[in-house]
Structures are given as C-alpha cells and as structure tokens.
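Subject: Structure handover and notes

Dear colleague,

Please find below the structure that I promised to pass on. My notes on what was found in it follow directly after.

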Amino acid sequence: MTNNTPESAERVVQGPDRVYRWKYTLTREQALVHFTLMNKIGAIIATVISVIMILFFYFGLEDQITPGFLLLFILLIYGMILGVPALIGYLALGSDTRSYEMDDNCIRHKNATRGGDAVVIFDKVKWASERENAIILKEGITTYTVYVPLEDAAFVKEYVRVRIGSEKYER
C-alpha cells in the first residue's frame with residue numbers, strides 16, 4: 001500500500017476515517033468479459049424480436065410486408081440492438097475505471113449504477129472466490145466482481161476472507 005491521498009488512490013489506501021479506497025482500470029481482457037456478456041444479451045434480445053417479426057410476417061402480415069422489407073427490418077434490429085452498442089463498447093475497452101471503498105462491513109463500488117453505489121455487505125455474502133486480482137462475491141441473487149490492483153490483491157482478499165468467513169471463501 002502507498003501513501004497516496006485516499007480520494008485519488010490507484011492503490012489501496014486507508015483514509016483517516018479507517019475506510020480503504022482505491023481505483024482500478026480494467027485491463028482489456030477483464031473488460032472483454034463484460035463486453036462479451038453484453039453482446040450475448042443483445043443478441044438474445046435482437047433474436048427474440050426478429051423471431052416475433054418473422055412470425056407476424058408468416059401468420060398475418062405477409063400481404064402488407066415484403067420479404068425484402070422484413071430482411072431490412074431484421075438487419076436494422078440487429079444493428080441497433082447489437083451492432084451500435086457493441087461498437088461503442090469495443091471502442092471504450094480499456095477506459096473502464098472503477099472506484100471502490102471498503103470498511104469492516106462492506107465493499108462499495110462507487111457510482112456503479114445510475115442509482116448510486118453497488119454495496120456488498122460482508123454479513124450477507126453467500127460465497128466468494130478469487131480469480132487473479134479479482135474477488136467474486138455472491139450476495140442474494142447478485143454476483144459482484146471487485147477488482148484490486150495486483151500489488152494489493154493479497155491484502156484485500158485476506159481482509160474479505162476474514163470478514164465473510166473461511167468456509168464461504170473458495171481459493
């Protein structure tokens with residue numbers, strides 16, 4: 001751990017309020033995991049909408065819609081739901097910086113959602129595991145991934161393990 005100010009710390013730093021703070025910019029490989037998941041969800045949504053459009057075409061609207069228009073419409077659906085977000089996401093890979101705070105009760109991913117912070121309360125964690133410098137925490141139906149600078153990963157993993165209990169923590 002370094003002596004950076006807690007507000008701008010790239011490494012894990014404890015502030016005078018006894019809260020640890022750090023920032024982490026996802027590597028391209030780490031960001032690709034989230035990017036791939038987003039693309040899968042987009043592809044599923046686009047496919048469902050396209051299937052519904054094809055069913056409408058074959059069961060009632062074939063006299064109002066030509067096959068060429070249907071194909072164009074399906075391509076437009078895929079382009080808007082999958083293509084544009086995928087392009088934006090791909091261009092943004094490597095610029096996803098996350099801010100975290102950790103105290104004896106929880107880890108906060110600052111500004112994780114439009115509504116504010118994502119908070120993982122240690123007492124409510126069902127299980128946890130680790131992957132390189134990431135800690136995966138399962139709380140309720142939500143799984144959170146907390147990224148830590150490589151130099152401080154061992155410290156944060158041990159800090160979390162002690163608070164959630166060794167029986168819930170897989171290495």
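**Strands and sheets**

Glutamine 14 has tyrosine 20 in E2 as its bridge partner. This is a predicted model, in which local features need pLDDT of at least 70 and side-chain atom pairs count only at pLDDT 80 or more, while totals for chains, interfaces and linings use all residues. Residues are numbered from 1 along each chain as its sequence is written, and side-chain values use heavy atoms, with hydrogens and water left out.

Helices (H or I, at least four residues) and strands (E, at least two) are DSSP runs, numbered from the N terminus, and two strands pair if DSSP finds at least two bridges between them. Strand E1 (residues 13-14) runs antiparallel to strand E2 (residues 20-25), and 2 bridges join them. The hairpin of E1 and E2 has 5 residues between the strands, and within this hairpin arginine 18 takes a positive phi near 65 degrees. E2 also pairs with strand E3 (residues 97-102), in the antiparallel sense and over 6 bridges; threonine 25 has threonine 97 in E3 as its bridge partner.

The pairing of strand E6 (residues 125-131) with E9 is parallel and has 2 bridges, and serine 129 has glutamate 170 in E9 as its bridge partner.

**Helix H3 and lysine 157**

Lysine 157 has its place in H3 (residues 153-164). With a relative accessible area of 14%, lysine 157 is buried (buried means under 20%, exposed over 50% and partly exposed in between, for a 1.4 Å probe and protein chains only). Not counting residues up to four places away in sequence, lysine 157 touches Glu130, Glu132, Asn133, Ala134, Ile135 and Tyr169, where contact means heavy atoms within 4.5 Å.

Asparagine 39, in helix H1 (residues 28-61), counts as buried at 18% relative accessibility. Leaving aside neighbours within four places in sequence, asparagine 39 is in contact with Leu82 and Ala86.

Lysine 110 belongs to strand E4 (residues 106-113) and is partly exposed, with a relative accessible area of 25%. Beyond residues up to four places away in sequence, lysine 110 touches Ser99, Tyr100, Glu101 and Asp117. The side chain of lysine 110 makes a polar contact with the side chain of aspartate 117 at 2.9 Å (a pair of N or O atoms within 3.5 Å; within protein, one must be able to donate a hydrogen and the other to accept it, and residues adjacent in sequence count only if both atoms are side-chain atoms).

Best regards
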